[in-house]
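Work through the following exercises with the structure in view, and try each task before reading its solution.

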Amino acid sequence: MTTFEHVMLGMNGAIAAGLTRRCGWPVAAVAGLAAAAPDWDGLTLLFSSSAFAAGHRLWGHNVLACVLVGTLIGLIDCRWAVLPRMAYWLGQMLRIEGAASLAQNSRPVDGRRCSLWILVAIIATFSHLLADMLVSGTATLADWEVSLFWPWSRRGWVFPLVPWGDPGMTIVFVVGLFALVRWRPHAQRVSLLTLLTLAAYMLIRGFLC
Ligand SMILES: [Zn+2]
C-alpha cells in the first residue's frame, strides 16, 4: 500500500471501532501515523544505499519493530499530545474556523488513556504488516515477503491479492474521505463501510480478476 492508503487504513480502523466517539479525533491521528510508521526503514536511503538494501522493508516490517515503534508513538503522543498540538498550530496558521477546539485536545491524557493510545498504535502498525502481505508485487516486480519474526527468523509471508500501486484502493479511500467530511455525525458507519468496501474489492481483485 502507499503511505496515504496505510494512513487511511489506520484512521478508518480507529473510527470504525468507535474510538473517536469516546476519545476524540486524536486517537484516529495516532492510528494513522502508526499505520504508516513501519515504512521508516525506507529512510535508510538517506544514510547509504547499502543500509537501504539491507534494511528496507525489513527493519521496520516485523512484529518486534512494530511493538517498539507503536509503543513509542503512543507514549510520545500521550505524554506531549504532539499531533493535536501540530493540528492546532496548523489550524491557527491557516485561520481555520474552530481551531481553538483543537487546543482542547492538546491536553495530556491520563494513564488509562495512555495505555489505549499505545495499544491502538501497536495494532495500527500491525495493520501495516497485514496490508503489505496482501498488497504486493507489480507487473514487473515479484511479490515481496514480510519477515514477521525478524531478527529471529528470515522466513517471509505474503498473500498477494492486489498489486502494489493499484488505483482501486486509493479510490475507495478517497471516496470514503469525502463521505466522512460530508456525513461527520455518521463517521463510524462511513468508516466501517469504507473498510468493508476495501475488503470486498481486495477479495474480488485477488480471486476473480
Ligand atoms: Zn511497508
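**Exercise 1.** Locate Arg 57 and decide whether Arg 57 is buried, exposed or partly exposed.

Solution. In this predicted model, Arg 57 sits in the loop between helix 4 (49-55) and helix 5. Counting gives 17 C-beta neighbours inside 10 Å, and since a buried residue needs 20 or more and an exposed one has 12 or fewer, Arg 57 is partly exposed. As for the backbone, most residues other than glycine have a negative phi, whereas phi of Arg 57 is positive, near 60°.

**Exercise 2.** Carry out the analysis for Ala 81, in the loop between helix 5 and helix 6.

Solution. Ala 81 has 19 other C-beta atoms within 10 Å and is therefore partly exposed. Its phi, near 50°, is a positive value in a residue other than glycine.

**Exercise 3.** Determine how helix 1 and helix 8 are oriented to each other.

Solution. Begin with the angle, which is about 135°, while the axes lie 10 Å apart. Angles over 145 degrees would count as roughly antiparallel and those from 65 to 115 as roughly perpendicular, so the two helices are oblique to each other. Their crossing is right-handed. Helix 1 contributes His 6, Leu 9, Gly 10, Gly 13 and Ala 14 to the contact, and helix 8 contributes Val 120, Ala 124, Ser 127, His 128 and Ala 131. Sorted by class, these are five nonpolar and five polar residues, with no charged ones.

**Exercise 4.** Find which residues touch the most other members of the largest nonpolar core.

Solution. Among the 44 residues of this core, they are Val 30, Ala 31, Ala 34 and Val 120. Helix 3 gives the most to the core, namely nine residues.

Terms used:
Residues are numbered from 1 along each chain as its sequence is written. This is a predicted model: local features need pLDDT of at least 70, side-chain atom pairs count only at pLDDT 80 or more; totals for chains, interfaces and linings use all residues. A nonpolar core is a set of buried Ala, Val, Leu, Ile, Met, Phe, Trp, Tyr and Cys residues joined through C-beta atoms within 7 Å. Helices (H or I, at least four residues) and strands (E, at least two) are DSSP runs, numbered from the N terminus. Axes are lines fitted to C-alpha atoms, for helices over the stretch in contact, and angles run from 0 to 180 degrees between N-to-C directions. Angles under 35 degrees count as roughly parallel, over 145 as roughly antiparallel, 65 to 115 as roughly perpendicular and the rest as oblique. A crossing is left-handed if the near helix is turned anticlockwise from the far one by less than a right angle, and right-handed if clockwise. Two residues are in contact if their C-beta atoms, placed from the backbone, lie within 7 Å. Ala, Val, Leu, Ile, Met, Phe, Trp, Tyr, Cys and Pro count as nonpolar, Asp, Glu, Lys and Arg as charged, and the others, Gly among them, as polar.
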